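I opened the model to look at strands, a chain contact and domains. My notes follow.

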Amino acid sequence: MPRPEIETINFTVDGREVEAPAGTLLADAAKLADVDIPVFCYEPKLGAPVGACRMCLVEVEGIPKLQTACSTPVRDGMVVNTETPRVKAAQESVVEFLLLNHPLDCPVCDKGGECPLQDISFGWGRGASRFAEPKRHFQKPVELSPLIAIDRERCILCYRCVRFSQEVSEDYQLVLHDRGADTFVGTFDGHPYVAPFSGNIMELCPVGALTSQAYRFRARPWDVEQSGSVCTLCPGQCNVSYTVRDDRVVRVLSRENQDVDDGWLCDRGRFAYQSTYADERLRTPLVRQDGELVPVSYDAALRRASEILVNAEQRVGALVGGSTSNEEGWLLRRLMTEAIGSRDFDSRPAGAVSAGLQAALDAPEAQATVEDLEWAHAVLVLDTEPVDDMPVLDLRLRKGIRRHGVRLAVATSRPSALDPNAEISVRFAPGAGEAFVCALDAAIGGVGDVGGLSRAAGADPQAVEALGRMLREAGEDVVVLWGERLTHAADPARSANAARALLKASGRLGLLDGRKGSGLLQVPTVSNARGLRELGVLPNVGPGYSEPAAVGRSSREIAAAAAAGEIAALHLLHVDPVASFDDRALWSRALGRASGVIAHAAFLTEGVREHADVIFPAEASAEKEGTVTHPDGRLQRLRPAVGKPAGALPGWQVLAQLFTALGGRSTALTAMMVTTELAEAVPFYAGITHDEIGGLGVRWQDRDAAAAFPAGDSGPFSLEAPAEAVSPNGALRLGSFRSVWASPEVAHAPALKFLAPKQRAELNPEDAAERGIRHGQRVRVSVSGAAATPSTVEATAHLRSTSPRGSVFLETGLGAQSATALTPDETTVPAMVTVESA
Amino acid sequence: MPWNPESDVVAVDRGPEPGGLGGAYRVFGETLRGLKTSFGRVVEGTRTVEYPEEKVPVYPRWRGRHKLHKFEDTGLEKCVGCSLCAAACPADCIRVVAAENTPMDRVSGGERYAAVYEINMSRCIFCGYCEIACPFDAITMGSDFELADYNRSDLIFTKEMLLAEPPVRTPLRAEGE
């Protein structure tokens, strides 16, 4: 449903005449007249109001009884009074009523000082209670989950947390038990409330009933400072506010940005700050001496690093990933091209789409924004799992479906968390994304062999036809949320074909002609993928999607070249290819063969620990300064909230010093100067400054400089016959996914440790029954066929009835237990595996 | 506007010229008048309090060095580490870091206790707001005012120092004294 057009009306509140958009609820509209109506249960982010707490009662002329301002929309000519004796009496009574059972333990309550109940009692309460009877008592804080403590005595039953669980995150876990004064919040079956977004209920709670276990008794509001920044753990780049006490981050709160995160945070973003203070975090540079990593000074590490780079004589490969900021990416690019003279650097884990195709996919005309997801007629989620890859979008999609009637279609190989909300869910074989997009293009266009292509993708032809029909007929605003994985095929020709098919299908739906509200939105695998791409941190794309002078090697080619000895030194900027890339064995060999490996890392992940010769400590999210670019083109600013460990240099400065040591000319003295430098190099970033980016970021597509965007491939796109998905033929197709919890930050955050994933094999119950496997049993997954070195991965069988037959799904990002460990010699994850009980 | 030098001229009122009768009176007459008061006191005898050997008792509401209190019956600390004293402190000299009581290690009466409680006496202005802010009467102002030390860092009083009974150095003024 497209955004409705809103008229303005006039109404009067407390004698002030104001204009307000029609349909606004009184509690919000009154703010336009600077009239504050107290509320507890009302929270616009939660959707429709419930009017549970009765705090917002106001008098509306013409209506005999008092009305709840939170659920009464304003009408033209409405006259509202919020300060009459009747309203005052009602407000005082409600506060008195809410405080009947509320314990007076503000001094020990974590909410004390930032508590709406305190504020409202002070502002609208009567100051004394007439209630002399004993209060209701519950056992003092009990664990609602390992992350959240619940103090049921303090609860005022505003329903906010329950509504969040039921209507926003839709995990349906929280309910209200019992009746009357004995009502309390809990999970239905008493199990801990564990969900990807559970932490939000602590921020929603207007009293101290739900408090953070990690923040419990750490600080009072007057002991701390809030410092705004952006979370860089995933491409979602949610805006956060760090709570800082004594130069340490003690809490992360959401900083609402309607265009990015809608005011929510996932638990990874909320609690991973703890990894900043983990003992395992690197705080000084390390250099390998006689096989041991020894702490050294920055000077010594820089000297060693420049030796490695000089000795490699241009045979240097670089990988960029993780939370690399635009500034760091830019300096690495300059280091590689200007000082070293190598074009072998990549910020994509796999695949290589040409500059022209990339520009076509990222063109301002084809770009959908995050907000478009909630107002589109239809959204297609293509080969991505939002809750794992970009969690906050999961909530946005659910909001669009629930409140604005968005029609959702899901096309993935692994069952998605959004399936229950989707009108159509199509499954295709793992790794057959290319064939699926070709089939989808044929289905949308109504031309070509939909049946044949669908079968090649391992998908149901009728479902693909239905999906094509739905997208064609849903309306003009269609958004395709596609995973970058689609273009990660081992063979670059396949990646390019997938990209062309996606463009062709989008063209048929009219997504490429610049209509606002429709378009493509990519879910990248690297959090700042978009920024790095636009700066030209790709082997085949120059700054601003220009055609580069020379084309270098892509990630996989760097790995192959290093393993073959053609690349002597590797520079790993915030990425450990062994731990996170698909071709684990190849990368392990490549790093082992390289004569020098320079890494920037926060933790000693396996590839770094075993192979790096020089390690520079990476900054934590809260210590970083610079800019990042959101997948929809929004430049956002990272601001340091806390100081770095004693003596530590920021990442950009390490790169700048390395650049100077190798004879480059870097004049950047501050991170801001690097921003200025890169804004000059990328035509459509021209003139962008930190000030312009400000607190909420700015989309470059909305600036005048966007006109400088180069024309990409414009089609018509001719498609090749896609690679066919192999038929299971007794074995199982192997699919892989990366859980939101698979990251070193989660593994090293004490609060989140319990969520660190363990390998599990997701199977269809019928496939499992054929092999005599039960749910929860230990199984061995091994490569089928005659592999040179047979490899197995142990996993726990996880039977899902929604899992497609003939496929098994394993997690990646788990070190030696990853799906990627099943790669004996080949450069890709094997397509076929056998599963047997261990 | 052209500069007018006259507006910058400062007129100085001078005192009487020295010398003459007036000068002699000012030298001797006034001095003797002052000395009359001094010599007049000689007959009253010495009134010096021989501080530090001898001390003037302080009033009960005197605001001296702070004390933290424990419950007399259970021995638990009264302070729950709520940090309200730190919020009230205008000199920002109190630092509280709270921690949670466990059944194995119960320090205070409430859910939480002050793991760190520090008052920086070199910043404290002895206003007594902390005492007023405290919801549990855990902190009070004592009578001791002799807080000089050789080292600034020694003036940061820790929880243990504030909980310990201070050495009795300052007599308290008795009722009606």
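I began with one strand pair in chain A. Strand 18 (residues 378-382) and strand 19 (residues 407-412) of chain A run parallel and are joined by five bridges. Strands here are DSSP runs of E, at least two residues long, and helices are runs of H or I, at least four residues long, both numbered from the N terminus. Two strands pair if DSSP finds at least two bridges between them. I picked out one bridge: A:V381 has A:V410 in strand 19 of chain A as its partner.

I noted the ground rules. This is a predicted model, where local features need pLDDT of at least 70, side-chain atom pairs count only at pLDDT 80 or more, and totals for chains, interfaces and linings use all residues. Residues are numbered from 1 along each chain as its sequence is written, while chains are lettered from A and ligands numbered from 1 in the order in which they are written.

Next I traced the sheet. It is open, has five strands in the order 20-19-18-21-22 (chain A), and pairs in parallel. Strand 20 (424-427) and strand 22 (519-523) of chain A are at the edges with a single partner strand each, so one side of each has no neighbour in the sheet.

Then I looked up the contact between the chains. Chain B gives 13 residues and chain A gives eight residues. Contact means C-beta atoms, placed from the backbone, within 7 Å. On the chain B side, helix 2 (84-88) and strand 2 (94-100) each supply at least two residues.

Last, I checked the domains of chain B. The assignment, automatic or from a database, gives domain 1 (17-47) and domain 2 (66-163). Their centres, taken over C-alpha atoms, are 54 Å apart.

How values were computed: Two residues are in contact if their C-beta atoms, placed from the backbone, lie within 7 Å.
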